[in-house]
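Subject: Structure handover

Hello,

Here is the structure I said I would pass on. Please open it before reading my notes, which follow below.

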Amino acid sequence: INSFLMKVSFLLFGKHIEITGLLDSGNVLYDTKTGKAVVVVSAAIFRQVLPKKDYIKFLKHDYSSVKVSNEISCVVVGGTKLTMPVFDVGLVSVSNGEKTITNDCVLGVVNQEFVQGKYQCLIHRDFV
């Protein structure tokens with residue numbers, strides 16, 4: 001799994017965020033509003049950028065304190081259907097340490113952590 005882990009960086013709510021992502025060739029989600037690729041992120045990253053009360057609201061699916069640009073539905077492995085809020089963050093950079101790729105993307109947010117916190121997002125296959 002370590003060979004598929006990469007550094008992901010973007011601007012969110014005026015703050016530069018750097019997290020670890022897993023290159024997921026099965027992630028073929030596109031935002032229905034903008035047509036942009038969706039990088040699926042754990043809501044835990046919002047702990048870094050939102051005041052505590054807004055973060056707690058966010059975890060309860062109350063998006064009144066943040067600007068959601070869309071919501072999309074998808075079916076995940078195992079057949080579970082979910083709806084996630086989408087944020088248009090513009091450019092997202094993905095780096096493996098030797099090469100950096102930048103794409104215009106959106107972030108889709110899920111209320112779960114991935115593999116015991118080893119990574120915080122699932123990188124779209126457009127970055128392959």
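Phe46 is buried, with a relative accessible area of 0%. Keep in mind that this is a predicted model.

I looked at the aromatic rings. Two rings pair if their centres lie within 6.5 Å, and by this rule there are four aromatic pairs. One of them joins Phe13 and Phe46: the ring centres are 6.0 Å apart and the planes meet at 55 degrees, so this pair is tilted.

Phe13 has 35% relative accessibility, so it counts as partly exposed.

Phe13 also pairs with Phe87. Here the centres are 5.8 Å apart and the planes are at 90 degrees, so the pair is edge-to-face. Phe87 belongs to strand E5 (residues 81-95), so this pair ties the loop between E1 and E2 to a part of the chain 74 residues away in sequence. Phe87 is buried because its relative accessible area is 3%, and the cut-off for buried is under 20%.

Taken together, ring pairs link Phe13, Phe46 and Phe87 into a cluster.

Regards

How values were computed. Residues are numbered from 1 along each chain as its sequence is written. This is a predicted model: local features need pLDDT of at least 70, side-chain atom pairs count only at pLDDT 80 or more; totals for chains, interfaces and linings use all residues. Side-chain values use heavy atoms; hydrogens and water are left out. Rings of Phe, Tyr and Trp (its six-membered ring) pair if their centres lie within 6.5 Å; planes under 30 degrees apart count as stacked, over 60 as edge-to-face and the rest as tilted. Buried means under 20% relative accessible area, exposed over 50%, partly exposed in between (1.4 Å probe, protein chains only). Helices (H or I, at least four residues) and strands (E, at least two) are DSSP runs, numbered from the N terminus.
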